[in-house]
Every structure is written in structure tokens, then in C-alpha cells.
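Please read them with the coordinates open.

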Amino acid sequence: MFVFCIESSHARGMGHLFRSLTLATELRSRGHSVRFLANDHPNSLRIIRERGFDVARYDLAAVTGWEKDFLEATGPSPIWINDRLNTQRSHGETIKRLDAKLVTFDDRGDGAELADMNICALLFDNTEGLRGRDVRLGAEYMILNPEIAGYRRVREKLASILVTLGGADTYGVTVRVAKWLSSKPFPVTIVTGPSFQHVAELEEVVSAASPGRFRLLNQVPSLAAEMHRHDLAITGGGITPFEACAAGLPCVVIANEPFEIPVGRALEKLGAAFFAGHHSAFDLGILEKTIPIRTMSEIAMTKVDLGGVGRVADLLERLAA
């Protein structure tokens, strides 16, 4: 049994949820039993159930002690997968005491030391101090939506921009990006997620722009399919820019959180993206220059592959054996 314990909300964002769902779907396709534990966030709970997974709620305020009843119902030697960032030591000790193996993602918490595996595909700085019995670094372990395989193409020129800043966009960066783009000549599609809470402000910006300037979409059935229609994406610094790059879609990355800054810089160094800075003071001036779209698109497709979910599932199966 694989247990995914996630945190997903407007404040935290929804990247942990979607990453875990991609991995859980792969494990289920291999015949494994999967259950979810999630905090009380209605949109996230709904999405998990819509994907066909059982989910129970846990209290974010509870430090430890809540894990016991859930684990006792899962059968012997489960794999507990924490996708919540920093694991507290008391929580890690509880999981290990209950005879479960612990897997974490991008974890710098003091409980990561107890993890049987710490998968850190999104960490690009200060990696020397990462803890865990088995620490896996590198984009090769990036868990990306396998649906992208059907939507890969090399872009030739900049004719259309996609703005997609996460399932929540905690800080309303989409609104500020739309204001900046409202006077530019590019057709722009803006995709918002299920926990986006800045609709009124965004609609005000769009209504003030020239007719047809923006196309607004909420909760698209397939972000991979929507990405396929565009030549450049403006994204946050989580998993989305890697999914875009895997599809051959160059990016401009805006860091929503401080830990996303190294992600933007790493993708820029790779040649697949530009880093526009932290959301508090981003600069989209690169869009006023000539962008080598084809070169960036080719680099992106070469440097970012879709094999990460399979590699991580292989590691988890060996851990469970």
C-alpha cells in the first residue's frame, strides 16, 4: 500500500497535489493500492476523488498522533509518501515507529533525516545539506504529466503567449502579468486553476484591454493540450515550467516563493527559459526583445524528458519489495 500525504491550499498552492496524483496514477497502473491523506481543502479533495482515489482528511494543526489510526488500517509495511515540503522530526519518528517506510519530496525539514528516500528533483541550491538515507537529485526524477508526450512540438516563432501561474496563484501574480501584457501586441491566453481567488481583479484588467486581447480559461480539461497551442509560457517556478519545456514550450519563469528562484535560474542556465525574478519585483522586459524561440524550444525538448515518473515509481517499487 502506498499512502500519499499531501498539503494543498490557496496559501500552499496545488503543485504537491498534482505531482502526487501523477505518481499515484502510475503506481495504480502497475497494480498497487493507493490511498490519499489530505488537509481540509474542498477543491483538492474533489480532484482526488474525481481521479478515482480514496482520500481521508487530516488536521494540519495536529503535530503528530493522527497517523496511527490511518496506518493501522492500511496493512503491513506501507510506504508513506510525504509531499508537504518540510517534514517535522516528530512526524517522521511516528511514521517509522509505526513500521512504515517514509518517502519525502524536496524536503529540508529536520524529519527528512529519517526518510528512507528523499527525492529532490526541484532543489537546485544548497543541496549538500539534504538529508535522508537515499537522496535523489536531478531533473531526471521530475514527475511530469505523461500526457505531454502527445503534445510535443518545436516552436518556430513567437505568435502566442500562455500565462499559467498555478492552481492557486497565491499572490495574484496573474493579474499583474495581465496588466503588463495588456499593451503588448501578442495574443494572450490566461489559464487559472481551481483555487484562483483573484477573478474580479483579473476580469477588470481584461475588460479594460482592447477586445479580443485576452482569452481567459479556468480549469482546462488538459493543460498539455492548451500548451500545445502556444509558443511561450509565463509560469511559476514549480513543476509547470518543466512540463512546458518537455513539450517544447519555452518559458519565462516568475518565482512565487523564494525556493522557486533557483528553479528559474536553473532553467535559464539550461537555455530553455528566462528568469524574470521574484513575484514581488518581476521584470518581463525580455518580451520586448527578439527571443530565439526555435533554439529554446529545441533545447527544452532535449534537456527535459518525461521519464521521471517511471524512474520514481521504479524506486518506490524496489523500496516496497
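1. Leaving aside neighbours within four places in sequence, with which residues is L23 in contact? The residues are F4, F105, I143, V309, V312, A313 and L316, where contact means heavy atoms within 4.5 Å.

2. This is a predicted model, in which local features need pLDDT of at least 70 and side-chain atom pairs count only at pLDDT 80 or more, while totals for chains, interfaces and linings use all residues. Residues are numbered from 1 along each chain as its sequence is written, and side-chain values use heavy atoms, with hydrogens and water left out.

3. The largest nonpolar core holds 59 residues, of which F4, L23, F36 and I48 touch the most other members. Such a core is a set of buried Ala, Val, Leu, Ile, Met, Phe, Trp, Tyr and Cys residues joined through side-chain atoms within 4.5 Å; buried means under 20% relative accessible area, with a 1.4 Å probe and protein chains only. Helix α11 (residues 308-320) contributes the most to this core, with six residues. A separate second core has 29 residues, including I190, L202, A209 and V252. Helices (H or I, at least four residues) and strands (E, at least two) are DSSP runs, numbered from the N terminus.

4. Helix α1 (residues 15-29) packs on α11 at about 60 degrees, the axes being 10 Å apart. Axes are lines fitted to C-alpha atoms, for helices over the stretch in contact, and angles run from 0 to 180 degrees between N-to-C directions. From α1 the contact takes T22, L23, E26 and L27, and from α11 it takes V309, V312, A313 and L316.

5. Six strands form an open sheet in the order β10-β9-β8-β11-β12-β13, with parallel pairing; two strands pair if DSSP finds at least two bridges between them. β10 (214-218) and β13 (273-278) are the edge strands, each with a single partner, so one side of each has no neighbour in the sheet. Direction ignored, neighbouring strands are turned by 15 degrees against each other on average.

6. Strands β8 (residues 161-164) and β11 (residues 232-235) pair in the parallel sense over four bridges. V163 has I234 of β11 as its bridge partner.

7. Helix α6 (residues 199-208) packs on the sheet, touching β9 (188-192) and β10, and its direction makes about 155 degrees with that of β10. Helix α9 (residues 261-270) also packs on the sheet, touching β12 (251-255) and β13, and its direction makes about 155 degrees with that of β13.

8. In helix α5 (residues 173-181), the buried residues include V173, V177 and L181. The buried residues of α5 pack against β8, β9, α6, β10, β11 and β12.

Terms used: Buried < 20%, exposed > 50% of the residue type's maximum accessible area, 1.4 Å probe, protein only.
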